[in-house]
Amino acid sequence: MAEEKIVFQFDGEREMEISTGKVAGLANGSCLVRLGDTIVLAAACSGAPREGTDFFPLQVDYREKYSAAGKFPGGYIKREGRPSTKEILTCRMIDRPIRPLFPEGFFDEVQISCVLLSADGVNEPDVLAMVGASASLMLSDLPFDGPIGAVRVGLVDGKFIVNPTRAEMAKSKLELIYAGRPDQVIMIEGEADFVSEAQMKEAMYLANDAVRKQCEAQIELAKRAGRAKKDYKLYLVPEELAASMAKLCADRIENVCTIPGKEARMVALDELRAELRGALREPFAAMSDAEFGFMTAIAFDNLVRETTRNVILEKQFRPDGRSTTEIRPLSAEVGVLPVVHGSALFSRGETQALVLATLGNEKDAQEADDLTSESGVTKKRFYLHYNFPNFSVGEVGRITGPGRREIGHGNLAERSVSKVVPADFPYVVRCVSEIMSSNGSTSMASVCGATLALMDAGVPITAPVAGISCGLVTGKDGKRLLLTDIIGAEDHFGDMDFKVCGTRDGITGFQLDLKLPGIPIDLLCEGMERNRIARLKILDVMEACIPAPRADISPRAPRLEVVKINPDKIGALIGPGGKNIRSITEETGTSIDIDDDGTVKIMAPDKEHLEAAKLRISGCTAEPEIGKIYRGKVVTVRDFGAFVEILPGVEGLLHISALADYRVNKVTDICNEGDYVSVKVLDIDPSNGKISLSRKAALKEMGE
């Protein structure tokens, strides 16, 4: 197949290129997306549905190859291994806006593979992968109701920039990753330095203009080189089965769907499902057991979804009895664990997060390979880990490491809270959110709990951060209803999960998950305002629990202090073969990190050990001061005087005339090599650094 290419300007200046037909010709659809010298390959393939599958098994994989940046992988094997956190987060960003655009009942396996082939270190590849995934599906024979576009928007010096460079993003107050169709937003994600809701709205409309151009380019490319769409089998519930199930439980289903407690509601739903299956098995005996179980599971889930949505839309009655703007009961507690540096227990209804904060030194910073950065490594001094154990939802299952969901939720909470941790705070900080129970918005509970735990640990955050989620239910007649603080059932059966975090002054983090193929930007902005109002109420509860960070760090935390020394003294502090610094750390029980600019970070188990280390460091690195008295060691004796070491490696001349307030015939009448004497610094020659000392002046000042 001949190569086809579309080149267009997405921001009025720079060009983006989407091409197909050159590589990966055996995939259902594939393309290359280029911006600058960054190139991403995207390929879409499909397979037959697995037996018993009752959901759409979309699998997205994104990988960054070191060869794309002209680098070697680290480690012994010298080959890329398991996906990095960045790659997993990019997979999630690709998946979320694409999934809603496949038809109901489509259960074929679909795999989208995106590979970074060329990295120029200037343009970020993740949004290119999102565009490439959409374009590859448009070019394929799969039933994809696209296309979508995707951009990153930054805010630099008060000006919004579409797809900013890495250098521009380093100065940006906003990182908005936006995906959607023309005039329809499907997914947003990112972080901000306290931007307002009005600024977010402006950024989204700017992104929408760029998305429109991307979608037009994909449609044109698909016309030129796309495959004809196939008629795929859709696994839809037979109308007769759906109608029979609805008729059998017409007088009970609404009551069961509106039971307030999650556990009680789930038990009642399980009992009703089992009862319906027993009653319907004989009328539908022609179905095999596998088909009957498969179809009744889908039919019952559809019935519960429709009932829950109708009750909310028509009666504005939510499963737990709240109004559409009401927040679940809140509680906050700090200092709940005795040994940890900081701890908090935050609850919103049945959702509960226990968050622990730990303070450490520079060696505890989290490092990750980043092949698109100059150094090849990124280092984080604040990070948050999120854990979602099976018991939090009352289930059993395999116990493994963190999955994509845990990594994604933890990243959202981390980015949202990191904005209030001072950049000059000397400690490395780790928060761990352990979800104790879950009924919706556990990531937002993690944000609130992390803020409280940091304040409990004495971390001087600039302002408390809270998070809340807004949901949406839409009717067939176009009616829409926003829901503040959604529970699990409203997330599962509703159309939107829009999380926004921030302080009283503005937004710090956000994420949108949508089951619809897009909603108007203005509707999303309305949900953002709902979240702002709710956020302020949550902050009231958090500040009532602990109004400000504790005045000092936790007594359980190690003591850390930063001192500055002359960079020329670093060698003196380290000593030959590290002798000095090793001696200091071993004898004072401290950990010491030294930067090239003379910054010395000392971590000690308590204040006593910290002061001991500071005294030793001062002794190795102190600069002599005119007028100050030192106790020094005589290292050399001459006829005209003695040379005295007043600081490690620092000697001055004690002239014979300055030994005493009377005439001294021989230097050795007063001191010999190895003796210790008190001397005062009279002068330091600025041209050569020679130091003049006086014992006579020191004795006079000391009254001896």
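How many bridges pair β2 with strand β3, and in which sense? I began with this point in the predicted model. I found four bridges between β2 and β3 (residues 29–35), and the pairing is antiparallel. For one position I noted the partner: E17 is bridged to R34 in β3.

Entry: I then looked up the pairing of β1 with β2. Strand β1 (residues 4–9) and strand β2 (residues 15–20) are antiparallel and share six bridges. Here K5 has S19 of β2 as its bridge partner.

**Entry: the eight-stranded sheet.** I traced an open sheet of eight strands, whose order I recorded as β8-β7-β9-β10-β21-β20-β18-β19, with antiparallel pairing. The edges are held by β8 (159–162) and β19 (480–484); each has a single partner strand, so one side of each lacks a neighbour in the sheet. I noted an average twist of 20 degrees from one strand to the next.

Within this order I examined β9 and β10. Strand β9 (residues 174–181) runs antiparallel to strand β10 (residues 184–195), and eight bridges join them. I177 has E189 of β10 as its bridge partner.

**Entry: helices on the sheet.** I asked which strands helix α8 lies across. Helix α8 (residues 289–315) lies across β18 (466–474) and β19, and its direction is at about 95 degrees to β18. I also looked up helix α10 (residues 442–457), which packs on the sheet and touches β18 and β20 (496–502). The direction of α10 makes about 160 degrees with that of β18.

**Entry: α1 against α9.** I next examined helix α1 (residues 85–98) and helix α9 (residues 404–418), whose axes come within 10 Å and cross at roughly 95 degrees. Angles of 65 to 115 degrees count as roughly perpendicular, and α1 is therefore roughly perpendicular to α9. On the α1 side I listed T85, I88, L89, C91 and R92 as making the contact. On the α9 side the contact is made by R404, R405, I407, G408, H409 and N411.

**Entry: domains.** Finally, I recorded the division of the protein chain: domain 1 (2–223), domain 2 (237–313), domain 3 (328–543), domain 4 (557–619) and domain 5 (626–700). The centres of domain 2 and domain 4, taken over C-alpha atoms, are separated by 68 Å.

Notes
Residues are numbered from 1 along each chain as its sequence is written. This is a predicted model: local features need pLDDT of at least 70, side-chain atom pairs count only at pLDDT 80 or more; totals for chains, interfaces and linings use all residues. Side-chain values use heavy atoms; hydrogens and water are left out. Two strands pair if DSSP finds at least two bridges between them. Helices (H or I, at least four residues) and strands (E, at least two) are DSSP runs, numbered from the N terminus. Axes are lines fitted to C-alpha atoms, for helices over the stretch in contact, and angles run from 0 to 180 degrees between N-to-C directions. Contact means heavy atoms within 4.5 Å. Angles under 35 degrees count as roughly parallel, over 145 as roughly antiparallel, 65 to 115 as roughly perpendicular and the rest as oblique. Domain bounds come from an automatic or database domain assignment.
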